[in-house]
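Q: I have a model open and want to learn to read its features one at a time. Where do we begin?

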Amino acid sequence: MVVLDGVGIGALPDAHRYGDEGSDTLGNLARAVGGLDLPHLTAWGLGNIGEILGVSPVEEPLASYGKMAEASPGKDTTTGHWELMGVILERPFPVYPQGFPPEIIRAFEERIGRKVLGNKPASGTAIIEELGPLHLETGYPIVYTSADSVFQIAAHEEVIPVEELYQMCRIAREILTGEHAVARVIARPFTGKPGSFRRTPRRHDFSLPPPRPTLLDALVERGYEVVGIGKIPDIFAGRGITRSLPAKDNQENLQVTIEAMKNMAPGLVFTNLVDFDTLYGHRNDPQGFARALREFDAALPRLAGALPEEGILFITADHGCDPTTPSTDHSREYVPLLVWGGSQLGQGVNLGVRETFADLAATLANLFGFSWPVGKSFADLLPWQRRGERLCGPTS
């Protein structure tokens with residue numbers, strides 16, 4: 001399962017509640033760059049899901065296709081991933097458009113023995129350019145948030161060593177409970193000098209654990225292997241993961257995914273490709289976003305070729321992050337769904353519009369031989385070549 005982080009495909013009906021009317025990550029960025037050139041995704045049926053300039057519908061798609069709506073309130077990474085794995089939230093995570101309240105900041109400063117800078121919503125790259133020089137002078141960490149439910153702490157690696165920054169994040173995680181239980185506390189180390197600061201790959205997320213068991217927990221309980229790649233283990237606070245493999249960007253995530261598929265017991269390889277969101281969506285860079293999509297498209301045959309004969313590949317997203325709108329935040333959108341199964345599945349079929357991301361969890365459960373109480377499986381809609389067969393059994 002590969003999550004294209006932030007690659008939405010059109011505003012959800014309730015997008016106006018989030019200020020996201022007209023958002024359409026794939027459609028808008030395609031128009032902004034004069035069309036996308038994605039031959040493999042086109043052949044798989046991406047253009048059958050929605051209107052994307054340069055990505056035409058095809059009569060005989062290689063993959064089954066559809067799109068999924070988010071049932072949970074919100075539009076953040078954690079909410080999207082948890083719903084993909086079968087947990088629908090009733091309430092959104094808290095957000096802080098005016099910065100964190102004084103009692104939170106005061107408690108944090110007392111615990112770490114330093115004042116903080118910032119405490120406002122900001123772009124991560126912009127705030128270190130703005131406050132980085134003062135941080136170098138004072139040694140005070142930079143605290144900021146966004147439209148997502150995040151408490152982010154940025155610090156220069158030569159001022160606050162990374163392990164000390166991680167400890168600050170653990171302290172913040174202890175403080176941010178109850179009504180202030182943000183989805184993620186994120187360490188954002190950076191290096192460089194004023195005018196040329198750059199964030200390093202030693203980011204680390206300290207997430208809340210899911211409030212209920214996810215499909216990942218159910219797979220592990222049944223003896224399957226669950227390989228979490230890149231940021232996946234952080235999103236689930238390490239729960240339901242039997243093996244964690246770090247990777248820093250799209251290319252490394254893809255390579256690690258391919259190697260994991262070649263050398264695993266029966267189970268699930270779960271990967272997030274973060275660059276679409278972090279490098280291009282949040283920075284309103286449609287050209288860079290389009291380039292990253294072309295790179296993923298070029299890697300798709302290699303990814304599919306590494307899939308075991310009895311395997312199935314799911315490609316989807318967790319939310320939108322439209323790089324063409326004034327906002328630099330996530331957008332409340334449908335997400336694409338592509339399902340390819342090599343010799344197991346025949347010519348692709350239309351899987352329709354799914355009412356919740358959790359339909360994917362219900363489908364995975366069916367493929368592994370059990371049922372899931374949330375979502376509606378589309379396993380029986382898939383064009384099985386050998387009807388009735390499912391994935392191989394558990395390891396124990």
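Q: What covers the buried residues of helix 4?
A: Keep in mind that this is a predicted model. For helix 4, the cover includes strand 3 (117–121), strand 4 (142–145), strand 5 (150–156) and helix 6 (162–175).

Q: Which residues of helix 4 are buried?
A: Helix 4 spans residues 102–112. Its buried residues include Ile-104, Ile-105, Phe-108, Glu-109 and Ile-112. They lie on the same side of helix 4 because they cover an arc of only 125° around the axis.

Q: Which exposed residues sit on the face turned away from that buried side?
A: Pro-102 and Glu-110 are the exposed residues there. Then look just past the helix end. Gly-113 follows helix 4, and its phi is positive, near 75°.

Q: How many residues of helix 3 are buried?
A: Count the residues of the element. Helix 3 (residues 77–84) has 8 of its 8 residues buried. Among them are Thr-77, His-81, Trp-82 and Glu-83.

Q: What happens at the start of helix 3, and what follows the helix?
A: Check both ends. At the start, a side-chain oxygen of Asp-76 comes within 3.2 Å of the backbone nitrogen of Thr-78. After the helix comes Gly-86, with a positive phi near 90°.

Q: How do I read a strand? Which way do the residues of strand 12 point?
A: Read side-chain direction, then burial. In strand 12 (residues 313–316), Leu-313 and Ile-315 point one way. Phe-314 and Thr-316 point the other way, and all four residues are buried.

Q: Which strands pair with strand 12, parallel or antiparallel?
A: Take each partner in turn. Strand 1 (residues 2–4) runs parallel to strand 12, joined by 2 bridges. Here Val-2 stands opposite Ile-315. Strand 13 (residues 335–340) pairs with strand 12 in the antiparallel sense over 3 bridges. Trp-340 in strand 13 is the bridge partner of Leu-313.

Q: Where does Asp-318 lie, and is it buried or exposed?
A: Asp-318 is in the loop between strand 12 and strand 13. It is buried.

Terms used. Residues numbered from 1 in each chain as written. Predicted model: local features only at pLDDT ≥ 70, side-chain atom pairs only at ≥ 80, totals over all residues. Heavy atoms only, no water. Buried < 20%, exposed > 50% of the residue type's maximum accessible area, 1.4 Å probe, protein only. Pairing = 2+ DSSP bridges. Lys, Arg positive; Asp, Glu negative; His and termini not counted. Salt bridge = Lys/Arg side-chain N within 4 Å of Asp/Glu carboxyl O. Polar contact = N/O pair within 3.5 Å; in protein donor to acceptor, adjacent residues only side chain to side chain. Arc of directions from axis to C-beta. Contact = heavy atoms within 4.5 Å.
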